[in-house]
Number of protein chains: 2
Amino acid sequence: LPTVLRSHAPAHHFAIISDSNVAPLYALPLSDRLVRDGLRSDVFIFEAGEPNKTRASWASLTDAMLAAGIGRDGCVIAVGGGVTTDLAGFVAATFMRGISLVLVPTSLLAMIDASIGGKTGVDSPAGKNLVGAFHFPRFVAVDPDVLRTLPDADYRAGLAEAVKHGAIADASYMNWLVANAVAVLRRDVGFVDTLILRSIEIKAALVSRDEREAGIRAALNFGHTIGHAIERLSNFTVPHGHAVAIGMVVEARLGEAEGVTLPGTASTLQRALEALGLPVALPPGLDPLRLAQATGSDKKVRSNLVRYALVARLGEIAGTEGAWTHAVATDRVVATLGA
Amino acid sequence: LPTVLRSHAPAHHFAIISDSNVAPLYALPLSDRLVRDGLRSDVFIFEAGEPNKTRASWASLTDAMLAAGIGRDGCVIAVGGGVTTDLAGFVAATFMRGISLVLVPTSLLAMIDASIGGKTGVDSPAGKNLVGAFHFPRFVAVDPDVLRTLPDADYRAGLAEAVKHGAIADASYMNWLVANAVAVLRRDVGFVDTLILRSIEIKAALVSRDEREAGIRAALNFGHTIGHAIERLSNFTVPHGHAVAIGMVVEARLGEAEGVTLPGTASTLQRALEALGLPVALPPGLDPLRLAQATGSDKKVRSNLVRYALVARLGEIAGTEGAWTHAVATDRVVATLGA
């Protein structure tokens, strides 16, 4: 990393941002390595967990960096999962109106999703990622080796996004994931490398067609409108990837009910997710009406109608240029959730 | 405004952000006008004053807009002085990763300075504007008529930036300001219009050469390194424009001491500022060493040396491409301040 940093993100002072779980594993050793290499580096740690992806954490990290004398010629290195890359990215985006950023994702989800596409942000009481900015990193350093320390539930949560990539853009990739579910779940090196590369390819292709999410990039929200509402109503006890897995099944059923999605898609998707050890049913006790209403504060709302990214069939997003999302009436959502 | 908004910043919902002084004068009437015209509009008010240009105000405004159901297709209209355009601009920059923004400056300073160039941000305990983002407005609506309600001290504070524009880019403009000081101070319509247009031309030309302030845009910081430190040490009791006026004289003297600035420049500049009713001496009781140290947390710091934008002579910034700022040793700053 020191060599790549010198050539691709030169800075007077590196601010490594990491959470309390990942810092001792990777951030502190990385900082020591940079210092041994003659670079100036400090580590800034926040308490791990999605509930800490807040404006308060953002303000504390910013103030600590200011107190450490980091200036406009500083560079933020985010070392961690999606919470860290989102939060540290937002710190970099707003520090003295934007300083350079490098992402070192340590979770599968962050490697194939959160790190790709320039989105940064924090949660607020009204919902996830409602406060944020676009801020692209100088580069993303993906080292599959670090997945060795990733808890199993987190690894599987990342697989949900891989399934999503297949569902919206490449049916054969989704079939490959299912056919090799055992090797993928065992994290066999060749399979993990293939998965990471193919998922990044799909996401990067969509993002580079539409950096500011004015159009087709919305496809990446498949499963996320319901998914975010599940996360929020569960007070984030349901992990993001699990919520997205459930959300994809619900949204595929919604699409079928709307006549947008090929019948049978939801069932096939459900079996794929189950093969990869992911949940597909709503957590018990979640009220369909409250869940439908909770989608209302999502960013995908336009003109007061909640708009969904739906698939036409597996491997193909539904829609055309200028109309990649679909307004769905609340009673249809409630009925689908109830079923 | 309704017509221009429809063509240049179409939105489902307008969020007019204004402070407690300006809201009753201009924001509430504007909102009524938009509603009468069939547009959806709400007014969001924060307590007037630079001490309220904070992350806390930013968070409250954001949460109020979220509670009002404003989405990505919303548009922020900032109505007020520089505090309002900076703060409301930062709300727009970070609301759902950036929504459209329109600026309606109501102070001279905001018209010729804060509204031009895409800078948004808030203050933090460590200094002014250390937290922020670049976010350009769809358009800026400047109506010189609103200056009728601007208090005299605020009007004169705006003149300091006009003098700066002359000092860094156009000596004849600065001479015009001094020669017509009486008419300018009386706010005679023709003179005010000329001043606003010429200042916006100068600032816009510099900004469009260097949107992200990587180079020559730094010229606009002339007077601001010392100026910001004066503001902060006075707990913002010295208005921005007054602090900049004093800062320009100090920085001209610094430039003379460094051999960068033509001897006599500081005295001429001082007389010009005095003719326009602006302060040119440090507030009593301000310790030179503390003031010099207070410049250390400014964004213009690079590699731990405070860097100043200096003039070669009146009407001409000192420097060349790639080197528009000058590192000045702290003891030189202390000596100049002491004198």
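Two strands count as paired if DSSP finds at least two bridges between them. By that rule, five strands of chain A form an open sheet with parallel pairing. The model is predicted.

- Strand 2 (41-46) and strand 7 (139-140) are the edge strands, and each pairs on one side only.
- Six bridges link strand 1 (residues 13-19) to strand 2 in the parallel sense.
- A:Ile17 has A:Phe44, in strand 2, as its bridge partner.

**Helices across the sheet in chain A**
- Helix 3 (residues 55-67) lies across strand 1, strand 2 and strand 3 (74-80). Helix 3 runs at about 155° to strand 2.
- Helix 4 (residues 82-94) lies across strands 1, 2 and 3, and also strand 4 (100-105). Helix 4 runs at about 170° to strand 3.

**A hairpin in chain B**
- Strand 5 (residues 119-124) and strand 6 (residues 127-134) of chain B run antiparallel, joined by five bridges.
- These two strands form a hairpin, with two residues between them.
- B:Thr120 has B:Ala133, in strand 6, as its bridge partner.
- Strand 6 of chain B is mostly covered: eight of its eight residues are buried.

**How the two chains relate**

Technical notes
Residues are numbered from 1 along each chain as its sequence is written. Chains are lettered from A and ligands numbered from 1 in the order in which they are written. This is a predicted model: local features need pLDDT of at least 70, side-chain atom pairs count only at pLDDT 80 or more; totals for chains, interfaces and linings use all residues. Side-chain values use heavy atoms; hydrogens and water are left out. Helices (H or I, at least four residues) and strands (E, at least two) are DSSP runs, numbered from the N terminus. Contact means heavy atoms within 4.5 Å. Axes are lines fitted to C-alpha atoms, for helices over the stretch in contact, and angles run from 0 to 180 degrees between N-to-C directions. Buried means under 20% relative accessible area, exposed over 50%, partly exposed in between (1.4 Å probe, protein chains only).
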